[in-house]
Amino acid sequence: MTSIPVEGENPQTAAPPARSAKRALVGRLSWGLADQAASSMSNFAVGIYVARSLGVTAFGVFSLAWVTYGVVLNVSRGLSTDPLVVRFSGAPDASWRGAVARSTGTALGVGTAIGAACLVVGLALGGRLGPAFACLGVMLPGLLLQDAWRFSFFAAGAGRKAFVNDVVWGVALVPAMVVADRVGTVAAFVLAWGASATVAAGYGYLQSGIRPRMTKARGWLREQRDLGYRYLVENVSLSGANQLRAYGLGAIVGIGAVGAVRGAELLMGPFLAVLMGLSLVTVPEAARVLRQAPQRLGKFCLLLGGGQAAAALLWGGALLLMPDRLGELALGSVWHSASQLIAPITLGVAGAGLGTGAAAGLRALGAARRSLRSQLFASACYVSGGLGGAAVAGTVGSAWGVAAATVSGSAVWWLHLRSARREHRHNPIPEVRTS
């Protein structure tokens, strides 16, 4: 199988020395970590601010809006940026630019369509949830476009641009949060978060010089339908399971329980920043490994997943030793309920980290059918464990149910990766498209 030359590289020349290749890999991973650190810092600041300012119930309302955004974000990624990363990582510049115009246009179209629906639902709901969902609907186009720029830059190996874009978001967030704090409502914080992301989305256009083409979205969906629709179902099953668990937990235990779970997740924030930062570059890097040295893909995925799982356990252990006064300083009144969930959430995050190694390998292999099966199984376990645990033992039971489900789902990911690698050796996938 032939490899795709990177822009500026002469395909007739020999492959770069191993040391240079490793240096380039470390550089791309470093920018991924730096970018996610900037992004997670912004999200962490918003979460902490809302938790301390408005209390556990209002934080639960904000968390429901947050997980809804997560579902929409994964719809956008499945249709727009996931196919882009798989098929255009390291592609020639002309092909990449054309793909990015169509991909970001698709993300903008998804945000506009679902945002309008979310606005209508929010206005109809009223009460505590309605205004937050209505504001989320208004902000969705900018939020999704900003995320699409990040993945576009990483597909080109330009992680520095993604990092700068997230720094712009963080800087714009500061004055927006000050205004939101003066208003003192969940809706105001949602608007502040979304408006600052929209500023960064506009800056992404200046960075790339590429105009998102919403009119080309239908063509993009048609071109990428063999991957896009499977990734859509896969991604939505993941975030949809999270949303169902959150809504179910709120119904079974109370909205305060949703805030407690989100508070515990915030405590894992620094590690999750590492995990998510790596996830931005793992699929492009796994695709490069597959093209250059297919026999090393398994080892790459194992080191990736095992390293993340070990780091999660270490971070969770440190949280268990944290004095109560520090937890109260960070989360205020949310700390007492969130601290009881540290152990199960740590185990769940470790399981998720282990599974991301296998998921990256399946994406690189283009094994969309197998990754879809793995994700559907993991999502079904997640909802069943989370809601079954809540019915039996409340918030703590839900957390332990999710932990067990995540570990089980990770095992299925690895079984499918083993089968997909065996299939690839006997029937290599066609070369990646570049137009």
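I note first that buried means under 20% relative accessible area. I also note that this is a predicted model.

**Entry: overview**

I counted the elements of the protein chain. There are 14 helices and zero strands. Read from the N terminus on, the elements run α-α-α-α-α-α-α-α-α-α-α-α-α-α. Then I checked burial. Of the 435 residues in the protein chain, 55% are buried. Residues 24 or more positions apart account for 84% of them.

**Entry: helix α10**

Which residues of α10 are buried? I found Leu297, Gly298, Phe300, Cys301, Leu304, Gly305, Gln308, Ala309, Ala312, Gly316 and Leu319. Next I checked the span of this helix, residues 297–320. Its 24 residues should span 34 Å at 1.5 Å a residue. The end C-alpha atoms are 35 Å apart, which agrees.

**Entry: nonpolar cores**

I looked up the largest nonpolar core. It has 62 residues. Those with the most contacts inside it are Phe62, Tyr69, Leu136, Leu143, Trp193 and Leu331. Helix α1, residues 18–88, gives the most to this core, with 15 residues. Another core lies apart from it and has 24 residues, among them Leu84, Val85, Ala99 and Trp149.

I then picked Trp193. What is Trp193 in contact with, leaving aside neighbours within four places in sequence? I listed Asn43, Trp66, Tyr69, Leu136, Leu143, Trp169 and Leu173.

**Entry: α4 against α5**

I compared helix α4 (residues 159–183) with helix α5 (residues 186–208). Their axes come within 7 Å and cross at roughly 150 degrees. Angles over 145 count as roughly antiparallel, so α4 is roughly antiparallel to α5. The crossing of α4 past α5 is right-handed.

I also looked at which residues meet. The α4 side includes Val164, Val168, Trp169, Ala172, Leu173 and Ala176. The α5 side includes Ala188, Phe189, Ala192, Trp193, Ser196 and Ala200. Trp193 turns up again here, and its contacts include Trp169 and Leu173.

**Entry: Asn74**

I found Asn74 in helix α1. Is Asn74 buried or exposed? Its relative accessible area is 14%, so Asn74 is buried. I checked its contacts too, not counting residues up to four places away in sequence. Asn74 touches Asn235, Val236 and Ser239. Last, I looked at Asn74 and Tyr231. They are 157 residues apart in sequence. In space they are 8.9 Å apart, C-alpha to C-alpha.

Conventions: Residues numbered from 1 in each chain as written. Predicted model: local features only at pLDDT ≥ 70, side-chain atom pairs only at ≥ 80, totals over all residues. Heavy atoms only, no water. Helix = DSSP H or I, 4+ residues; strand = E, 2+ residues; numbered from the N terminus. Expected span 1.5 Å × (residues − 1). Buried < 20%, exposed > 50% of the residue type's maximum accessible area, 1.4 Å probe, protein only. Core = buried A, V, L, I, M, F, W, Y, C linked by side-chain atoms within 4.5 Å. Contact = heavy atoms within 4.5 Å. Axes fitted to C-alpha atoms, helices over the stretch in contact; angles between N-to-C directions. Parallel < 35°, antiparallel > 145°, perpendicular 65-115°, else oblique. Left-handed = near helix turned anticlockwise from the far one by under 90°.
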